[in-house]
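Please consider the model shown here from its charged contacts to its overall dimensions. The paragraphs that follow lead through the chain part by part.

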Amino acid sequence: MSIDLQTVKKIASLARISVTDGEAQALVPELNNILGWVEQLGEVDVAGVEPMTAVIPNTLRLRDDVVTDGNVREKVLANAPQAEQGFFAVPKVIE
């Protein structure tokens with residue numbers, strides 16, 4: 001795949017990037033080099049290589065999902081500026 005000047009201008013337009021004609025001319029060989037590197041990656045033999053999400057092994061440190069401080073509604077609502085029927089009361093914002 002080869003990138004030409006029209007394609008660079010189209011990409012810049014889609015990305016909402018303002019580029020001058022000189023900048024667009026300079027981007028043509030750069031983008032073609034990048035696409036060349038991507039094509040080289042397609043030639044790499046990856047048969048037998050396991051897919052991975054990171055280069056180092058990661059394991060999540062999980063804790064047991066245990067309720068430790070439940071049933072303290074009164075203590076929580078004690079900090080509320082206004083409470084009604086066991087819930088936080090807030091001013092009406094939509095009429």
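A salt bridge is taken here as a side-chain nitrogen of Lys or Arg within 4 Å of a carboxyl oxygen of Asp or Glu. The structure holds 1 such salt bridge. It joins the side chains of D21 and K9, with 2.9 Å from N to O. The two residues stand 12 apart and link distant parts of the chain, K9 belonging to helix α1 (residues 5-14) and D21 to helix α2. Side chains of opposite charge can pair when their charged atoms come close. K9 counts as partly exposed because its relative accessibility is 38%, the classes being buried under 20% relative accessible area, exposed over 50% and partly exposed in between (1.4 Å probe, protein chains only).

The model is a predicted one, in which local features need pLDDT of at least 70 and side-chain atom pairs count only at pLDDT 80 or more, whereas totals for chains, interfaces and linings use all residues. Residues are numbered from 1 along each chain as its sequence is written, and side-chain values use heavy atoms, with hydrogens and water left out.

The secondary structure comes next. Helices (H or I, at least four residues) and strands (E, at least two) are DSSP runs numbered from the N terminus. The chain has 3 helices and 2 strands, and from the N terminus on its elements follow the order α-α-α-β-β.

How does the radius of gyration of the chain relate to that of a compact globule of 95 residues? The chain has 29 Å, while such a globule would have a value near 12 Å; the radius is taken over C-alpha atoms, and the globule rule is 2.2 Å times the number of residues to the power 0.38. Along the principal axes, the C-alpha trace spans about 70 × 50 × 20 Å. Of the 95 residues in the chain, 8% are buried.

A80 illustrates two separations. This residue lies in the loop between α3 (73-77) and β1, and it counts as buried because its relative accessibility is 14%. V90 and A80, by contrast, are 10 residues apart in sequence and 9.7 Å apart in space, C-alpha to C-alpha. V90 is located in the segment after β2 and is exposed, since its relative accessibility is 70%.

Two loop residues other than glycine have a positive phi. For R16, in the loop between α1 and α2, phi is near 60°; R16 is exposed at 75% relative accessibility. For Q85, phi is near 55°. Q85 sits in the loop between β1 (83-84) and β2 (87-88) and is exposed, with a relative accessible area of 76%.

On the surface, L41, V44, V46 and V49 form a nonpolar patch with about 400 Å² of accessible area together. Patches are made of residues with over 30% relative accessible area and no salt bridge, like charges being joined within 9 Å and nonpolar side chains (Val, Leu, Ile, Met, Phe, Trp, Tyr) within 5 Å. Accessible areas come from the Shrake-Rupley method with a 1.4 Å probe, and for residues only the protein chains shown count as cover. L41 is part of helix α2 (residues 21-42) and is exposed, with a relative accessible area of 61%.
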